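Q: I am new to this structure and would like to learn how to read a few of its features. Please show it to me.

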Amino acid sequence: MATTSFVYHTLGLRGHRHLKTEYKGGCTYHHVELAAGKRRCRACRAPSCELTLEGRFERTFRALPVGSRRQFVVLDGHEQRCGRCGHRLREPILFADGKQRHIRAFERYVIDLCRIAPIKHVSLLLGVSWTLVKEIFKQHLHRRLKKRSLKCVRRIAIDELAIRKGHQYMTVILDLDTGRIL
């Protein structure tokens, strides 16, 4: 049986309270909600004592698998009305980015697996589409490579490779001192 401690330590859902666990179709569903002390107005950052909970919503996110069993996190969220600023907004989702349908811990797991296995094998192991794994890894590479500083580069090497003879070419730029691809 899952507990708040399992949800906190294994899935990385800090500030959430575990409500219940369901087992359906070979998958595990963990129902969670934002802890009362963590609620704040998204517009003016007013504390939970100034919020009124009016509506409910539910979103399902893919979580880390345990063995071959798939796991999902079901967020039982609330719509809040702020007494200070008057806005009516949904609670923020702290463990996922934007409109993603998976938690950040799942992203980190995919990235770790992509370092040792091809994208196709990672997608088969996790039971997700090849394009999802590719997009997660592509976003990771974009974030990681965007931060590169070119201050220390003194000498470069440029090479062109033919991907398909006479049709497509790729230019590779290297730092000669470190061997790093720029």
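Q: Is Tyr29 buried or exposed?
A: Buried means under 20% relative accessible area, exposed over 50%, and partly exposed in between, with a 1.4 Å probe and protein chains only. Tyr29 has 19% relative accessibility, so Tyr29 counts as buried. The model is predicted: local features need pLDDT of at least 70, side-chain atom pairs count only at pLDDT 80 or more, and totals for chains, interfaces and linings use all residues. Residues are numbered from 1 along each chain as its sequence is written, and side-chain values use heavy atoms, with hydrogens and water left out.

Q: How is a pair of aromatic rings described?
A: By the distance of the centres and the angle of the planes. Rings of Phe, Tyr and Trp (its six-membered ring) pair if their centres lie within 6.5 Å; planes under 30 degrees apart count as stacked, over 60 as edge-to-face and the rest as tilted. By this rule the count here is 2 aromatic pairs. Tyr29 and Phe72 form a stacked pair, with 5.1 Å from centre to centre and 15 degrees between the planes.

Q: Which parts does the pair of Tyr29 and Phe72 tie together?
A: Helices (H or I, at least four residues) and strands (E, at least two) are DSSP runs, numbered from the N terminus. Tyr29 lies in strand S2 and Phe72 in strand S4 (residues 69-82), so this pair ties together parts that are 43 residues apart in sequence. Phe72 counts as buried because its relative accessibility is 13%.

Q: What kind of aromatic pair do Phe61 and Phe95 form?
A: Phe61 and Phe95 form an edge-to-face pair, with 5.1 Å centre to centre and 80 degrees between the planes. The pair links distant parts of the chain, 34 residues apart: Phe61 is in strand S3 (residues 51-66), and Phe95 is in the loop between strand S5 (88-90) and helix H2 (104-114). Phe61 is buried, with a relative accessible area of 0%, and Phe95 also counts as buried, at 4%.

Q: Which residues of H2 are buried?
A: In H2 these are Ala105, Phe106, Glu107, Val110, Ile111, Leu113 and Cys114. Their cover includes S3, helix H3 (119-126) and H4.

Q: What is Arg143 in contact with?
A: Contact means heavy atoms within 4.5 Å. Arg143 lies in helix H4 and is in contact with Glu107 and Ile111, leaving aside neighbours within four places in sequence. Arg143 is partly exposed, with a relative accessible area of 38%.

Q: Where is Glu33 found, and which side chain does a polar contact join to that of Glu33?
A: A polar contact is a pair of N or O atoms within 3.5 Å; within protein, one must be able to donate a hydrogen and the other to accept it, and residues adjacent in sequence count only if both atoms are side-chain atoms. Glu33 is found in strand S2 (residues 27-34), and a polar contact of 2.5 Å joins its side chain to that of Arg17. Glu33 is buried, with a relative accessible area of 12%. Leaving aside neighbours within four places in sequence, the contacts of Glu33 include His16, Leu19, Arg39 and Leu75.

Q: What is the phi of Arg45?
A: Arg45 has a positive phi of about 65 degrees, although Arg45 is not a glycine. Arg45 lies in the loop between S2 and S3 and counts as exposed, at 53% relative accessibility.
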